[in-house]
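Dear colleague,

I am passing on the structure below, together with some notes on what was found in it. Please read the notes with the coordinates open beside you.

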Amino acid sequence: MSNERPKRPTRATPAKEALPARKPAAVKPAKTTANAAKGAASKKAPAPSAPVKAAPVRAAAGSTPSSKKVTANGRPSPAPAARSVPDTGAPASASRTSTPKRPGARRGAAPSASPPPTPEAAPYVAATTPAVAPADVVAAPVIDVEEAAPSLRPPGILIDADDAETFADDVPQFAAELAADGGFEVAPARLERPALPDVAIEQDVYANDYYARQWGRAGLRGRSDHVDEFGLDPSVDVRSRAGFEALFRRYFRAEVSGIEHVPASGRALLVANHSGTFPWDGVMLKTAIRLEHPARRELRWLTEDFVYHFPFLGTFLSRIGAVRANPENAERLLDRDALVAVFPEGIQGMGKLYRQRYQLQRFGRGGYVKLALRSGAPLIPTAIVGAEETNPLLFKVGWLSKFTGLPYLPVTATFPWLGPLGLVPLPARWKVVFGPPIDLSEHGPEGADDAILVNRLNERVRATIQTLVDDAVAARGSALFG
Amino acid sequence: MRAERRGVVRAPARKRVVAVSGASSFLGRNLVGLLESDESTEKIVVVDVQSPRTAGRKTSFYQLDLTQPTVDARLAEILGAEGVDAFVHLAFLSSPSQAGAWAHELESVGTMHVLNACRERRIAKFVLRSHTALYGAHASNPNFLTEGHAVRGLPRTPFLADKIDAEKETRKYAQSVPESCVTILRFAPILGPTASNFLTRWLSRRVVPTVLGFDPLLQFVHEMDALAALTLAIAHDVPGTFNIVGEGVLPVSTVVKLAGRTPLPLPWSALQQLTALGWAAHAAEVPPSFLAYLRFLCVADGARAAAELGFFPAYSTREAVLDFGGALRLRDARLLHDAP
């Protein structure tokens with residue numbers, strides 16, 4: 001400790017006398033020779049180390065024995081005053097603040113790491129030598145700043161010796177500034193990078209895997225490299241969101257009512273009617289809840305097998321939140337307190353002919369009721385009106401199914417005739433109505449094994465949704481206009 | 001359950017003598033290396049056609065070919081003479097073989113021989129290496145297959161059928177020797193810097209063929225986790241079947257891209273015919289039936305292994321792929337020669 005800062009004997013002298021006696025806390029930063037370089041450069045570096053050290057020393061040697069904290073214009077960022085000090089006016093700087101100018105000060109920190117003073121370091125010598133000799137002259141302004149106008153003091157100017165360690169976070173910034181000031185006596189040649197020869201770039205471009213790599217990079221750019229356990233890819237979801245929202249609001253001019261029946265948290269099972277030849281209603285239900293629900297909950301909906309395994313479509317739907325309809329999948333989702341939508345009509349519902357479009361089909365075997373009973377999730381009857389008119393189904397051609405992998409080939413007003421253009425939905429007006437939740441918890445989980453109860457509840461829910469659909473159709477008026 | 005399982009450090013009454021078949025396989029080789037430094041293992045009895053490189057002081061090697069008809073008597077002799085407490089059966093192929101008959105002799109019949117020998121010596125502890133791939137990739141699979149699901153395999157895939165046979169035999173053994181503790185570990189496809197199987201070879205191609213329009217979720221387990229699960233099963237007496245899987249899933253296309261490869265999506269029928277041609281010409285790693293894994297889900301649920309076996313994977317699926325991809329890049333740069 002006694003020989004800290006070996007390069008600056010003039011300054012070190014008061015330190016030797018004052019430090020042990022007055023401020024034990026200040027002893028800590030003062031390093032032994034071995035540690036001086038490290039301590040100065042890294043630990044106390046954020047507060048430019050030399051001023052931090054020098055200032056307490058000077059203050060102690062001068063006339064502020066009582067001040068617990070020691071002024072040091074240490075922090076790089078909040079001390080603009082110190083920065084503006086001219087390089088050569090050391091006495092002037094002393095009169096303004098206690099701190100010598102930063103470049104000089106920092107170089108004071110560095111020397112132990114880099115012994116020979118380079119030509120670059122010359123200003124330091126010029127700047128600091130006048131300030132060194134009268135230690136108390138330097139110390140006096142410290143008191144002025146602290147006592148006379150504490151409010152003028154930029155925040156962070158006070159650095160207790162112990163606090164110096166807390167500034168370790170600023171090390172990178174300090175190091176950067178240090179480098180900018182040329183504080184480290186690093187040979188400039190080492191900082192300059194030789195320009196890459198053009199040959200290397202050319203070789204890179206001509207490398208036989210260069211384009212494969214670029215292709216691979218482009219492929220990963222549009223996706224996140226992790227999906228959730230059911231295959232939802234957040235980046236695909238976010239990208240497709242705007243399109244679906246425009247479709248929902250502008251094209252389908254959808255109205256949502258009864259959104260308050262959807263709980264803001266916790267598991268719930270939405271039971272909805274299914275229609276429309278193409279699976280628009282799942283996506284639109286998801287969009288409706290994201291747009292209208294105050295909690296903006298994410299909806300996971302269950303899709304039929306043939307949709308889930310349909311090339312491209314199934315993959316895309318699973319990336320935006322669809323899950324294959326399966327009791328185990330639904331149970332797993334509800335166990336995680338998700339909001340799950342089911343379409344119990346299934347394929348029967350999707351394949352409703354236009355003339356029976358508002359009549360609900362059989363609700364499967366009531367698997368969703370068992371699910372709700374087992375998981376204790378409330379059932380929320382939901383009516384989606386408008387999907388029926390998006391692709392009005394005129395006929396179903398069954399005999400082509402084995403070639404297409406579909407349960408039937410749909411014949412709509414537009415579909416096979418206009419080719420892929422026929423898949424574009426008609427601008428029907430949609431209405432999404434959420435009914436009051438049906439709580440099945442009174443029957444308990446064991447109710448799931450009671451076939452009669454399940455069937456009865458199934459019929460009850462189906463009747464509720466049929467009523468909701470009928471009311472929504474009546475309220476909507478014209479299917480296309482208005 | 002978990003705390004109980006993890007907290008209890010079982011100090012065996014005496015040190016175990018562990019027999020390992022298929023010790024030259026990837027898992028076997030590394031397991032022998034781990035057991036060599038394991039305090040509670042007194043001796044390792046290796047029965048295989050060749051001695052693993054990792055064999056050390058504790059290991060005694062017996063050259064034994066499980067495809068030979070009289071191997072069970074010889075194996076029973078060895079088990080009796082060495083006083084074996086636990087048998088770890090790892091003699092399975094990691095990739096589909098063109099030599100189907102030989103593979104059947106080794107895996108299905110060989111397991112029968114091994115179990116007969118164990119039955120004769122009343123070996124109490126038996127650990128079988130199995131695959132989650134045995135569930136098969138089917139359109140009707142749920143997103144997460146639990147141990148209770150039937151192992152359906154795939155049609156016309158002897159690689160899976162032989163292993164399903166081996167599992168069945170092992171379950172029968174568990175019933176016929178009531179005091180036994182039989183653990184079946186169904187590993188997800190093992191991926192890692194040094195593992196080598198049909199999956200790693202498929203991912204090592206510059207251009208990786210995938211199925212156009214399909215992007216099912218894949219799941220892997222890192223090689224370190226696989227070994228950890230194996231040592232857990234040996235150290236603790238936990239009977240049952242367990243899925244040993246890494247956390248999380250990744251779509252096929254993302255896996256290929258994370259491995260630094262270029263996916264080449266081909267129509268299903270074209271890919272099938274190409275693969276059939278390639279398999280016939282010994283150019284493809286797998287027969288065409290394996291393409292189902294690129295079309296449908298075959299993802300297992302590892303909750304039971306966590307709860308009962310106390311197995312928690314250190315690497316997620318994504319990390320396993322990244323680790324594998326890193327090694328692949330090194331290999332590309334010829335810094336790492338063909339890893340065995």
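This is a predicted model: local features need pLDDT of at least 70, side-chain atom pairs count only at pLDDT 80 or more; totals for chains, interfaces and linings use all residues.

Residues are numbered from 1 along each chain as its sequence is written, chains are lettered from A and ligands numbered from 1 in the order in which they are written, and side-chain values use heavy atoms, with hydrogens and water left out.

Another cysteine, B:C181, is also buried, with a relative accessible area of 10%. Its sulfur lies 13 Å from the closest cysteine sulfur, that of B:C118, which is too far for a bond.

Turning to chain A, its secondary structure comes to 24 helices and nine strands, taken as DSSP runs numbered from the N terminus (helices are H or I with at least four residues, strands are E with at least two). Of the 482 residues in chain A, 50% are buried. Among the contacts in chain A with a separation of 6 or more, 76% are between residues 24 or more positions apart, contact meaning heavy atoms within 4.5 Å.

Where chain A meets chain B, 27 residues of chain A are in contact with 25 residues of chain B. The area buried between the two chains is about 2,300 Å², with carbon and sulfur atoms giving 52%; buried area here is the accessible area (1.4 Å probe) that two parts lose on being put together, summed over both. A:R223, A:D225 and A:H309 supply 23% of the area that chain A buries against chain B, more than any other three residues.

Two salt bridges are counted between chain A and chain B, each being a side-chain nitrogen of Lys or Arg within 4 Å of a carboxyl oxygen of Asp or Glu. B:D215 forms a salt bridge with A:R319, with the closest N and O atoms 3.8 Å apart. Helix 13 of chain A gives the largest share of the side that touches chain B, namely five residues.

With best regards

Definitions and conventions:
A disulfide is a pair of cysteine sulfur atoms within 2.5 Å. Buried means under 20% relative accessible area, exposed over 50%, partly exposed in between (1.4 Å probe, protein chains only).
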